[in-house]
Amino acid sequence: MTNKFKIGDIVRELRRCAKLDAQGNVTFNKNGMAVETNAWSHYTLEIVAVPDGKRKRFAAKTQLGATYHFAEKTLELASNIDPDQICEKLENHTLVLRAKAAA
């Protein structure tokens, strides 16, 4: 079985973030909770180690130099990701996914 990534690949991580509507407001459900969705991270990671065993955990280095381990399902090559599916970080450290404006 081959690995999905190789050392040196630039990837993005799958994150949970709040949805914004076209006007930039957070969307809420009927219970008053913010609607969350999965979106790709606004930062990129570099793969520094690949798994050699049954457990598919990739080591990735952040731009600040810290190394973390990620499952194969939570990573994707940065070049394969649609820019509309990348979340943003607001001033209050909230991750949001902006909706497309209606044409």
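Two strands pair if DSSP finds at least two bridges between them; strands (E, at least two residues) are DSSP runs numbered from the N terminus. The model on display is predicted, so local features need pLDDT of at least 70 and side-chain atom pairs count only at pLDDT 80 or more, while totals for chains, interfaces and linings use all residues. Residues are numbered from 1 along each chain as its sequence is written, and side-chain values use heavy atoms, with hydrogens and water left out.

**Strand S1**

Select Leu14 to begin: Trp40 in S2 stands opposite this residue. S1 and S2 (residues 36-40) run antiparallel and are joined by five bridges. Select Val11 next, which has Leu45 as its bridge partner in S3 and stands opposite Leu77 in S6. Three antiparallel bridges connect S1 to S6 (residues 75-77). Then select Ala18, whose bridge partner in S8 is Val96; here S1 and S8 (residues 95-97) run parallel.

**Salt bridges**

A salt bridge is a side-chain nitrogen of Lys or Arg within 4 Å of a carboxyl oxygen of Asp or Glu. By this rule there are four salt bridges.

Select Lys4 and Glu76, whose closest N and O atoms are 3.3 Å apart. Lys4 lies in the segment before S1 and Glu76 in strand S6, so the pair ties together parts 72 residues apart in sequence. Glu76 is buried (under 20% relative accessible area; exposed is over 50%, partly exposed in between, with a 1.4 Å probe and protein chains only). Lys4, at 42%, is partly exposed.

Finally, select Glu36 and Arg16, which form a salt bridge at 3.5 Å. This pair links strand S2 to strand S1, 20 residues apart.

How values were computed: Helix = DSSP H or I, 4+ residues; strand = E, 2+ residues; numbered from the N terminus.
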